[in-house]
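Q: I am new to protein structures, and I would like to learn how to read sheets and surfaces. Could you take me through them step by step?

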Amino acid sequence: MGVRNLFSTLLDQTREFLHMPQVSVPSVGEYLRKEIAQQVKEWTDDDETKWLKLAILNTYFKLECCVSGTHSMDHVALGPFGEYAMLPGLDCTFPGGYGGLPDCMLTSLPKESVLFHKPVMVVRWGGSYREESQEGRTFPVQVECEDGERFLADHVIITVPLGFLKEHHETFIDPPLPPRKADAIRQLGFGTNNKIFLEFEQPFWPPDCQLIEVVWEDESPLVEAGTDLQASWFRKLIVFLVLQPPERYGHVLCGFIAGKESEYMETLSDAAVLRALTDVIHKLTGNPHLAPPKKVMRSQWHSAPYTRGSYSYVAVGSSGDDIDALAQPLPEDALLQVLFAGEATHRTFYSTTHGALLSGWREADRLLSLYDTSESHQHKPRL
Ligand SMILES: Cc1cc2nc3c(=O)[nH]c(=O)nc-3n(C[C@H](O)[C@H](O)[C@H](O)COP(=O)(O)OP(=O)(O)OC[C@H]3O[C@@H](n4cnc5c(N)ncnc54)[C@H](O)[C@@H]3O)c2cc1C
């Protein structure tokens, strides 16, 4: 079996533990390493080939860290891993960029009904707030923005990232969340995956090349990785996607890097990132004279104060029940004052755009059902 097939077969096996009462090891990473250690004993290759195969497997571990948005697959819980679902069909890339999705949604809303650059400082619920101009009418929820402006509401849907909630939930929601929800926020995982774009004057890759995978020959999943971020952060960058078509984008590679190394990268200057990745490309191509990229651009999701990472995963010690607990509206009866949406609240599509979108529809439907109780108009949940 080829190395790629071996890894995907083992990864498929990790999904079979769903609903099992017990798992032999807590994390996806530990399971994969245990199985690989078993397999290696049966390999009949010479030592050099064995090491190369292990080095390639290590690349796939790092790739999986990007997919799960985690530092290490040892942080990703094995039991619930099979609950994550792939949306059938091809990946959809928005022609004008990701902004095309919200732009499209905005077209159906009245102008100026969405406020930008308006960070919320606190959501107060369970109260009785009265608007000066609206005598007699009270609202249970008050939203106070960082600029001091306040809004009263019957309902709010909170869609801030789990990373933001991890850092601020104790002050962001008042009165504080019930213990079950606060525990879910603490226990679920929220890591970092960043993109680094490198633009070249001329491509060094062949015209039909779509993907460049980086393998460090001295690495193995069975050997503990070094922890010196300064000396080796760039080794975590594991794949370069070639942006197509070049007529539209120029000669651009998009690298992916996850985990603590990615967070360290965010602290460096553009020039330092460009220097380190130029060295990587010189090693990769065996050509120390290759011209460096003319431009670098990257995301910095961990440093972004309203994000604090990329997306959620089900960490060791948590389960899909934590996702459902996070999605549970407040208060815990039928009053629906504070509702929760966003990717981290979708039990099977967490970490994705479609998960975020569906969770928003779910909460919209929940509110619609509250007001539209007649059987003939009963709103059917979309998913
Ligand atoms: C590198 C990378 C690659 C990805 N690739 C894919 C992919 O290929 N396919 C896919 O489906 N998904 C992908 N995703 C994941 C996808 O982008 C997210 O799952 C999705 O954006 C989550 O949407 P959301 O609405 O839950 O959260 P977000 O998009 O994070 O939106 C939350 C919003 O809340 C705002 N906010 C935070 N705090 C406050 C506050 N106090 N007041 C007001 N606003 C606040 C934030 O500024 C932000 O705009 C990728 C993500 C990353 C980082």
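The dialogue below goes through some strands, a helix and a surface patch of this predicted model.

Q: What holds the strands of a sheet together?
A: In general, strands of a sheet pair through backbone hydrogen bonds, and the pairing is either parallel or antiparallel. Here, five strands form an open sheet in the order E10-E11-E12-E9-E13, and their pairing is antiparallel. Its edge strands are E10 (211-213) and E13 (295-298), each of which pairs on one side only. On average, neighbouring strands of this sheet are turned by 20 degrees against each other, direction ignored.

Q: Over how many bridges do E9 and E13 pair, and what packs on the sheet?
A: Strand E9 (residues 193-200) pairs with E13 over four bridges, in the antiparallel sense, and leucine 198 stands opposite valine 296 in E13. Helix H9 (residues 259-266) packs on the sheet, where it touches E9, E12 (251-258) and E13.

Q: Which strands does E1 pair with, and in which sense, parallel or antiparallel?
A: Strand E1 (residues 120-124) pairs with strand E4 (residues 141-145) in the antiparallel sense, with arginine 124 opposite glutamine 142. E1 also pairs with strand E7 (residues 173-174), but in the parallel sense and over two bridges, and there valine 123 has isoleucine 173 as its bridge partner.

Q: Which residues make the nonpolar surface patch, and why does tryptophan 51 count as partly exposed?
A: Trp51, Leu222 and Val223 make a nonpolar surface patch of about 290 Å². Tryptophan 51, which lies in helix H3 (residues 47-68), counts as partly exposed because its relative accessibility is 46%, and partly exposed covers the range between buried, under 20%, and exposed, over 50%.

Terms used: Residues are numbered from 1 along each chain as its sequence is written. This is a predicted model: local features need pLDDT of at least 70, side-chain atom pairs count only at pLDDT 80 or more; totals for chains, interfaces and linings use all residues. Side-chain values use heavy atoms; hydrogens and water are left out. Patches are made of residues with over 30% relative accessible area and no salt bridge: like charges are joined within 9 Å, nonpolar side chains (Val, Leu, Ile, Met, Phe, Trp, Tyr) within 5 Å. Accessible areas come from the Shrake-Rupley method with a 1.4 Å probe; for residues, only the protein chains shown count as cover. A salt bridge is a side-chain nitrogen of Lys or Arg within 4 Å of a carboxyl oxygen of Asp or Glu. Buried means under 20% relative accessible area, exposed over 50%, partly exposed in between (1.4 Å probe, protein chains only). Two strands pair if DSSP finds at least two bridges between them. Axes are lines fitted to C-alpha atoms, for helices over the stretch in contact, and angles run from 0 to 180 degrees between N-to-C directions. Contact means heavy atoms within 4.5 Å.
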